[in-house]
Amino acid sequence: MSHRHRGERLGELFRREFTRLLLGPLKDPRLEGVTVTDVRATRDLSFATVYVRADEDVEAAVEGLEHAAGFIRRELGRSLRLRKIPEFRFLPDETPEHASRIEALLREVRESDGRREG
């Protein structure tokens, strides 16, 4: 099996486990309304980047996750049968904002082209 597929599988496994922890044992109020949208681990599982969205303050959510990182690693170590649990880095998922900006730029280009043709 390729490393890429293994990385994708592990990322999805981590994402599901993060969701379980957010719905259960993580009680930090900064983590209410937080969704883990993606987890991308390095090949050797040394590090993983966790992308999050929040209903309220995403920066506070990132701080809450960073504060709970040790607990999260211990819980994942107990629940997953992996030799190594990565160090996690938490970042806001800005994908929807980027997509909206690209759509706006494309709309501007189309409108500009339409004015030139007419």
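This is a short chat about the fold of one protein chain, shown here as a predicted model.

Reader: What pattern does the protein chain follow, read along the sequence?
Author: In this predicted model, the protein chain reads α-β-β-α-α-β-α along the sequence, and that makes up four helices and three strands.

Reader: And what order do the strands of the sheet have?
Author: The three strands form an open sheet in the order β1-β2-β3, and their pairing is mixed. At the edges stand β1 (34-41) and β3 (87-92), each of which pairs on one side only, while the twist from one strand to the next averages 25°.

Reader: How many bridges join β1 to β2?
Author: Seven bridges join β1 to β2 (residues 47-54), and these two strands run antiparallel. Val 39 stands opposite Val 50 in β2.

Reader: Which helix lies across the strands?
Author: That is helix α2 (residues 58-67), which lies across β1, β2 and β3 and runs at about 175° to β3.

Reader: Switching to α3, which residues are buried there?
Author: In helix α3 (residues 69-79), the buried residues are Ala 69, Ile 72, Glu 75 and Leu 76. They cover an arc of only 125° around the axis, so they lie on the same side of α3.

Methods: Residues numbered from 1 in each chain as written. Predicted model: local features only at pLDDT ≥ 70, side-chain atom pairs only at ≥ 80, totals over all residues. Heavy atoms only, no water. Buried < 20%, exposed > 50% of the residue type's maximum accessible area, 1.4 Å probe, protein only. Arc of directions from axis to C-beta. Pairing = 2+ DSSP bridges. Axes fitted to C-alpha atoms, helices over the stretch in contact; angles between N-to-C directions. Contact = heavy atoms within 4.5 Å.
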